[in-house]
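Q: Please take one part of this structure and look at it closely. Go through its make-up first, then its surroundings.

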Amino acid sequence: MKALLIAFDPSELEPLARFGAALGAPFDVLLLTGSADDGYGASEMLLAGLATVPPADGLAKGIASVAEGYTHVAAAASMRSKDVMPRVAVLLDAGMVTDAIAVLDGKTFQRPIVAGSVIATVTVETERVALTVRTSAFDPATPTGSANKRSVALYCPTAVARTSAESQASGGRPDLTQAKVVVSGGRPLKDAGTFEKLIGGLADALGGGVGATRAAVDSGIAPNEAQVGQTGKIVAPELYIAAGVSGSTQHLAGMKDSKCIVAINTDGDAPIFEVADFGLVEDLYTAIPALMERLRP
Ligand SMILES: Cc1cc2nc3c(=O)[nH]c(=O)nc-3n(C[C@H](O)[C@H](O)[C@H](O)COP(=O)(O)OP(=O)(O)OC[C@H]3O[C@@H](n4cnc5c(N)ncnc54)[C@H](O)[C@@H]3O)c2cc1C
């Protein structure tokens with residue numbers, strides 16, 4: 001077995017190496033953009049040196065072109081990897097596992113289904129395996145120092161004219177699915193300005209990403225791409241702060257695997273407290289400014 005781990009940028013190197021270690025096979029990393037020194041155990045780091053990530057159809061061809069000789073090709077689960085990796089699987093004639101959270105052996109993995117309420121064991125019957133991986137489900141990887149590096153030229157011919165649609169609202173914040181800290185807000189945030197000031201402000205103070213409930217998104221308080229849950233993004237950061245979030249099953253499906261959950265809610269009986277590690281029964285309009293005040297350098 002040998003794995004090729006696809007890192008869209010250097011921030012994905014350590015999370016991906018967690019999966020590499022769990023697989024128990026040697027692995028190389030293909031770093032698409034940027035550069036890095038530490039390979040976290042990678043035998044070799046292939047540097048693609050792309051200025052921007054190409055559209056999924058072209059990128060899949062580029063990845064497939066360097067994936068010969070690898071039994072596993074894996075990327076961290078994110079909106080963009082979910083677009084690219086199934087295409088890579090087709091090109092490599094590989095079985096596909098999405099959202100892997102555990103490795104049982106080289107062909108058998110676990111993944112959540114039914115909005116996270118059931119864990120399925122999936123066995124791949126093809127020779128090669130393509131995966132997206134929920135990296136936060138695996139133990140942190142240890143730095144191993146400078147990796148062997150090699151530049152690779154990826155040819156990514158695309159039929160798509162548009163190259164990317166960066167979120168206007170992200171404001172340079174980390175990608176929600178990769179962020180170590182996520183601060184989410186719900187319906188009580190009133191309007192977009194208040195949401196940005198309180199939820200965005202606390203997220204910035206903690207260097208985190210911004211999430212939202214569907215109720216907040218549907219009422220125009222929060223941007224679409226911030227939605228966490230069954231019909232939004234799946235996140236599992238080290239710290240998830242939910243402010244004014246009731247904790248519907250649909251929202252929990254997107255965040256209940258977070259390492260530490262903090263809930264701020266005026267209703268002590270809100271379902272969010274059932275999954276929270278720390279709960280604050282308080283008005284978010286008082287609690288969040290107080291937290292931000294404490295975090296001020
Ligand atoms: C098919 C389907 C898919 C769905 N997918 C998703 C999904 O992906 N993600 C998602 O989030 N939802 C999803 N939903 C919607 C979900 O059912 C809930 O309606 C939604 O999550 C509720 O959002 P909320 O917690 O912001 O709002 P509410 O349910 O209105 O809860 C607001 C909470 O804030 C508390 N509160 C009020 N004022 C304050 C204050 N000043 N300070 C602190 N706390 C306060 C209240 O006590 C309450 O608990 C889906 C629904 C369906 C039917």
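A: I6 has L30 as its bridge partner in β2. This is a predicted model; local features need pLDDT of at least 70, side-chain atom pairs count only at pLDDT 80 or more, and totals for chains, interfaces and linings use all residues. Residues are numbered from 1 along each chain, following the written sequence. Helices (H or I, at least four residues) and strands (E, at least two) are DSSP runs, numbered from the N terminus.

Start with β1 and β2. β1 covers residues 3–7, and five bridges join it to β2 in parallel. Two strands count as paired if DSSP finds at least two bridges between them. β2 spans residues 27–33, and six of its seven residues are buried. Buried means 20 or more other C-beta atoms within 10 Å of the residue's own; exposed means 12 or fewer, and partly exposed lies in between, with C-beta atoms placed from the backbone.

β3 (residues 44–50) pairs with β10 in the parallel sense over four bridges. There, L47 stands opposite S151 of β10.

Contact requires C-beta atoms, placed from the backbone, within 7 Å. S81, V84, M85, V88, A89 and L92 are the buried residues of α3. They pack against α2 (56–65), β4, β5 and β9. The length of α3 also agrees with expectation: at 1.5 Å a residue its 14 residues should span 20 Å, and its end C-alpha atoms are 21 Å apart. The expected span is 1.5 Å times one less than the number of residues. Just after the helix, D93 takes a positive phi of about 55°.

Five bridges join β9 to β4, and the two run parallel. Within that pairing, A74 has L131 as its bridge partner. β5 also pairs with β9 in the parallel sense, over four bridges. Here G95 stands opposite V129.

α1 (residues 13–23) is another helix to follow. Eight of its 11 residues are buried, so α1 is largely enclosed by the rest of the structure. The buried set is L13, P15, L16, A17, R18, F19, G20 and L23. These residues pack against β1, β2, β4, β6 (102–105) and β9. G24 follows α1 and has a positive phi, near 75°.

Next, the surroundings. An open sheet of five strands runs β12-β11-β13-β14-β15, with parallel pairing. Its edge strands are β12 (209–212) and β15 (278–280), each pairing on one side only. β11 (residues 181–185) and β12 pair in parallel over four bridges. V182 stands opposite G209 in β12. α4 (residues 192–205) lies across β11, β12 and β13 (239–243), at about 165° to β11.

Then the ligand. It is surrounded by 28 residues, with G186, R214, A215, G229 and S246 the closest. α5 (214–218), α6 (249–255) and α8 (284–295) each give two or more residues to this shell. The shell divides into nine nonpolar, 15 polar and four charged residues. Here Ala, Val, Leu, Ile, Met, Phe, Trp, Tyr, Cys and Pro count as nonpolar, Asp, Glu, Lys and Arg as charged, and the others, Gly among them, as polar.

Finally, T249, which sits in α6. T249 is partly exposed, with 13 other C-beta atoms within 10 Å. T249 and V73 are 176 residues apart in sequence and 32 Å apart in space, C-alpha to C-alpha.

Key
A residue is near a molecule or strand if its C-beta atom, placed from the backbone, lies within 6 Å of it. Two residues are in contact if their C-beta atoms, placed from the backbone, lie within 7 Å. Axes are lines fitted to C-alpha atoms, for helices over the stretch in contact, and angles run from 0 to 180 degrees between N-to-C directions.
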